[in-house]
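Have the viewer ready, and follow along section by section.

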Amino acid sequence: MKLQTKYFGQIDYGQEDILTFPAGLFGFEEEHEFLLLPFEGSAGTLLCFQSVSTPALAFTAMNPFALMPEYAPELQTQELHSLGVESSHDLAYYVLCVVKKPVADSTVNLKCPVAVNPDTRQAQQVILDTDDYEMRHPLAQFGDGGTREASAC
Amino acid sequence: MLILQRKTGESVTIGEDITVTVLGVDGARARLAISAPKDVLILRSELITAAAANQDAANEETTPLELLEMIAGHTPAVPPAQPFEQNRMKGKEDSTS
């Protein structure tokens with residue numbers, strides 16, 4: 001199948017590439033299908049949730065663990081249940097980004113990650129029940145703050 | 001703003017047909033039962049701020065490619081892995097426990 005995308009021109013995709021959001025995203029409850037497309041050169045850090053039904057709708061997303069290795073989302077039991085997993089560790093997480101101009105003012109929503117069950121490709125945006133994470137965390141704060149040491153793998 | 005204290009089992013009535021009852025309090029968390037007509041929209045307030053954040057995320061002010069340039073300098077170069085793998089929490093729980 002072909003899809004006109006917001007950032008990647010026309011692409012080919014298959015049914016198996018689709019992530020299903022039964023509840024949509026907050027404020028976009030009728031958007032149930034997205035493709036997760038990585039931006040080349042970002043090593044998987046910067047991606048995009050491209051709506052399948054609305055070509056002009058795409059959310060820039062980031063890998064929260066690349067920004068903050070200690071990020072530890074904990075979902076509520078009913079959320080885990082509807083995603084078909086037993087533990088928050090069974091899911092993959094993405095955070096949505098508000099891209100501002102200048103770009104250094106951009107923020108990420110650590111409080112409302114998109115959780116994906118990699119096995120079923122079912123996804124859900126959740127609101128974490130914690131004050132540890134903000135909905136508009138400045139990206140610049142992750143930058144050259146000097147908290148990250150050169151890591152040996 | 002009106003501030004009231006209510007005990008478990010007590011309620012407040014708003015207007016003619018909305019009743020909020022405190023079912024219980026557990027630490028910092030209160031369980032509320034809300035009885036209201038069907039046409040009254042009841043939302044956890046943070047849903048509204050979450051929807052606003054998503055709305056802003058859908059209307060980016062500049063191309064994400066600029067973001068790519070910005071982050072390229074200070075994100076660790078993770079080798080391409082299986083999809084989803086690098087988006088998991090570290091210290092994965094032992095599934096046998």
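## A serine in a loop

A polar contact is a pair of N or O atoms within 3.5 Å; within protein, one must be able to donate a hydrogen and the other to accept it, and residues adjacent in sequence count only if both atoms are side-chain atoms. With that in mind, look at A:S42: a polar atom of its side chain lies 3.1 Å from the backbone nitrogen of A:L46. A:S42 is found in the loop between β4 (33–38) and β5 (46–51) of chain A, where strands (E, at least two residues) and helices (H or I, at least four) are DSSP runs, numbered from the N terminus. A:S42 is buried, with a relative accessible area of 5%; buried means under 20%, exposed over 50%, and partly exposed in between (1.4 Å probe, protein chains only).

## About the model

This is a predicted model, in which local features need pLDDT of at least 70 and side-chain atom pairs count only at pLDDT 80 or more, while totals for chains, interfaces and linings use all residues. Residues are numbered from 1 along each chain as its sequence is written, chains are lettered from A and ligands numbered from 1 in the order in which they are written, and side-chain values use heavy atoms, with hydrogens and water left out.

## Where the chains meet

The contact (heavy atoms within 4.5 Å) takes 61 residues from chain A and 37 residues from chain B. About 4,300 Å² is buried between the two chains, and carbon and sulfur atoms give 62% of that; buried area is the accessible area (1.4 Å probe) that two parts lose on being put together, summed over both. A:H89, A:V99 and A:V103 supply 16% of the area that chain A buries against chain B, more than any other three residues.

Four salt bridges are counted between chain A and chain B, each a side-chain nitrogen of Lys or Arg within 4 Å of a carboxyl oxygen of Asp or Glu. One of them joins A:K6 to B:E60, with the closest N and O atoms 3.0 Å apart. On the side of chain A that touches chain B, β7(A) gives the largest share, six residues.

## Chain B

Read along the sequence, chain B follows the pattern β-β-β-α-α. Of its 97 residues, 24% are buried. B:G15, in the loop between β1 (11–14) and β2 (18–26) of chain B, counts as exposed at 66% relative accessibility. B:G15 and B:R29 are 14 residues apart in sequence and 25 Å apart in space, C-alpha to C-alpha.
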